[in-house]
There are 2 protein chains.
Amino acid sequence: MTRKSTAISAPNIALLKYWGKKDDLLKIALNDSISITLDENVLRSKTTIEILDSFGADEIGLNGKKVNDEKINEWLMLVRKRLLKKYPVLKNKIKIESENNFPTSTGIASSASGFCALATALCACLGIEKREEMSRIARLGSGSASRSVYGGFVQWKAGTNTENSFAVQIKPKEHWDDIYDVIAVVDEGIKKVSSKDGMEKTVRSSRLMHCRLAEIKKRRVRMLRAIGKRDFDSLAIEMMRDSNQMHATMLDSWPPIFYMNDVSREIVYSVHETNLNGIVAGYTFDAGPNAHVICQKKNLEKVKGMLLGIKGVSRLIVSGVGNGSKVVK
Amino acid sequence: MTRKSTAISAPNIALLKYWGKKDDLLKIALNDSISITLDENVLRSKTTIEILDSFGADEIGLNGKKVNDEKINEWLMLVRKRLLKKYPVLKNKIKIESENNFPTSTGIASSASGFCALATALCACLGIEKREEMSRIARLGSGSASRSVYGGFVQWKAGTNTENSFAVQIKPKEHWDDIYDVIAVVDEGIKKVSSKDGMEKTVRSSRLMHCRLAEIKKRRVRMLRAIGKRDFDSLAIEMMRDSNQMHATMLDSWPPIFYMNDVSREIVYSVHETNLNGIVAGYTFDAGPNAHVICQKKNLEKVKGMLLGIKGVSRLIVSGVGNGSKVVK
């Protein structure tokens with residue numbers, strides 16, 4: 001009796017950033033983070049998991065191609081370690097087929113949506129219904145994946161161990177659904193450091209990191225308040241300052257890490273210029289040059305026009321707030 | 001009886017950076033800084049001061065053109081406040097004529113060499129011979145000018161007030177004279193924030209600044225030791241990390257300040273690549289995209305070749321260690 005499930009999940013964009021782990025293997029973050037889950041109708045990973053009746057080497061397919069994916073192998077190992085006693089069927093061969101509806105070359109992190117869809121499908125196979133546990137299982141693949149299981153506004157409580165490190169929903173999509181993420185896809189021309197390697201380097205070498213961790217604790221409170229009150233101005237300022245500060249600790253790492261480039265800087269300048277007579281938008285940058293420019297629906301056209309006027313922005317992807325991961329089959 | 005003197009001074013390049021003041025008017029730095037004075041035969045400001053017999057509005061000429069320079073006016077005001085009692089002749093009209101042998105468009109800070117030459121010429125007019133006092137007077141024009149009065153390796157002791165804030169020589173040029181600064185002039189394409197405005201912004205808004213100040217105290221000790229022992233490897237690492245950390249606090253300022261651009265980043269990557277099998281060079285960046293790449297004479301050609309291979313580097317200026325400011329007439 002084969003168990004088989006398919007789930008979809010959207011990426012999420014962190015407004016309070018996660019960059020650095022207490023535990024590299026179990027992906028336990030150094031600090032709480034806050035994100036918006038994006039719209040699964042715009043950007044999504046779709047993953048099918050099959051737990052076969054037979055034994056044998058697992059099989060992984062990505063976008064229709066058979067691959068040997070180290071991160072998924074590690075995730076399967078960690079999942080079995082966690083769940084095998086309760087679910088002996090996990091001894092069996094597992095087949096995974098995963099695909100993204102967005103090209104990986106756009107620089108949009110697919111690991112959050114990918115591992116969240118994987119965790120959601122696996123939980124369906126095993127009959128696990130608690131979202132908290134789904135979040136823990138997603139986290140074992142990629143820290144930020146822990147947040148994509150919920151829709152709306154989400155907080156990953158860093159915790160101190162594998163049990164108390166999981167995400168919770170702050171507010172559902174309905175609380176504040178006129179928020180949009182305009183992703184400005186920027187041509188990359190600079191070598192990249194993987195997020196995993198980058199954050200290990202920052203934790204190990206940046207002398208500014210403990211100042212940042214102290215600051216995050218305070219910013220977290222302000223950001224939760226801004227979300228609760230639907231105070232866009234405060235939210236935008238906090239997200240921009242947090243993004244800048246994370247990139248500052250990257251630059252303070254040794255050797256230094258740069259993810260933003262001249263086009264990213266032009267976007268930063270343009271947003272600040274647009275905000276001169278009142279906050280219109282906020283930017284945030286992950287481990288790459290692409291900008292996520294967050295705004296309210298009423299300013300969407302203005303923000304799109306501003307971004308399309310910047311040389312080096314190759315295209316825009318616009319996403320509203322999403323509903324979180326779900327089983328589709 | 002007109003008093004008239006002409007002095008020259010070279011810029012200096014800080015290896016331990018000054019970015020932030022305790023006192024904006026009197027230019028009292030938040031932290032000690034360490035620099036190398038550049039070769040006055042390569043880069044220099046030349047300034048003539050004339051204290052006339054008559055009264056009247058001061059006259060300032062820059063590179064042959066009559067100007068109304070706010071910074072020089074402020075300096076004259078501060079100098080008179082400090083010295084008028086002892087030197088009543090300062091009531092009289094002052095004529096200043098200043099010129100640089102390098103175009104200001106290269107982005108090399110001319111305020112350090114300019115104000116140091118001014119202070120040196122003024123001290124000659126008044127018969128002030130103590131270098132410490134010359135350093136204080138230069139500081140009143142531009143903080144970093146306090147360091148250019150000495151040759152070789154120099155430390156500006158930040159102090160707490162206008163009396164105990166001045167530079168001293170750590171080691172003369174002869175101590176370690178095979179050190180070179182290869183300045184890679186980078187085409188600028190991004191708006192600039194003046195150093196004065198930039199550092200005020202950083203002090204006011206960067207939450208990482210107090211971490212940096214704590215780090216500088218420790219780095220200062222390591223850097224002085226490296227200079228004392230002529231330990232180039234340690235010196236290069238300390239200077240690179242200090243420069244990166246200063247630019248990190250700039251990025252953490254609000255709104256953020258960027259001085260480095262994509263070409264600067266390519267230079268950083270190239271230096272790290274060149275250093276993979278042993279330290280060859282160290283970089284440091286002031287408030288602009290130009291790189292100062294410091295190396296020993298034996299590696300000068302290698303470093304020049306590396307920098308000339310980077311797209312966006314428009315030219316190189318090579319300077320050894322200089323002798324400090326001096327009166328020439």
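Predicted model: local features only at pLDDT ≥ 70, side-chain atom pairs only at ≥ 80, totals over all residues.

Trainee: Why is N299(B) called partly exposed?

Mentor: N299(B) has 19 C-beta neighbours inside 10 Å. Buried needs 20 or more, and exposed needs 12 or fewer. The value 19 falls in between, so N299(B) is partly exposed.

Trainee: Where in the chain is N299(B) placed?

Mentor: N299(B) lies in the loop between β14 and α8 (300-308) of chain B.

Trainee: What makes V280(B) and A281(B) contacts of N299(B)?

Mentor: The cut-off is 7 Å between C-beta atoms. N299(B) is in contact with both V280(B) and A281(B), leaving aside neighbours within four places in sequence. K27(B) is 37 Å from N299(B), C-alpha to C-alpha, and 272 residues away in sequence.

Trainee: How do you know that β13(B) and β14(B) pair?

Mentor: Pairing takes at least two bridges. β13(B) and β14 (residues 291-296) have 5, so they pair, and they run antiparallel. Y283(B) stands opposite V293(B) in β14(B).

Trainee: What is the strand order of the sheet?

Mentor: The order is β13-β14-β12-β15 in chain B, an open sheet of 4 strands with antiparallel pairing.

Trainee: Why are β13 and β15 of chain B called edge strands?

Mentor: β13 (281-285) and β15 (313-319) each have a single partner strand, so one side of each has no neighbour in the sheet. From one strand to the next, the twist averages 25 degrees.

Trainee: Which helix packs on the sheet?

Mentor: Helix α7 (residues 262-274) of chain B does, touching β12 (179-186), β13, β14 and β15. Its direction makes about 160 degrees with that of β13(B).

Notes:
Residues numbered from 1 in each chain as written. Chains lettered and ligands numbered in written order. Helix = DSSP H or I, 4+ residues; strand = E, 2+ residues; numbered from the N terminus. Axes fitted to C-alpha atoms, helices over the stretch in contact; angles between N-to-C directions. Contact = placed C-beta atoms within 7 Å.
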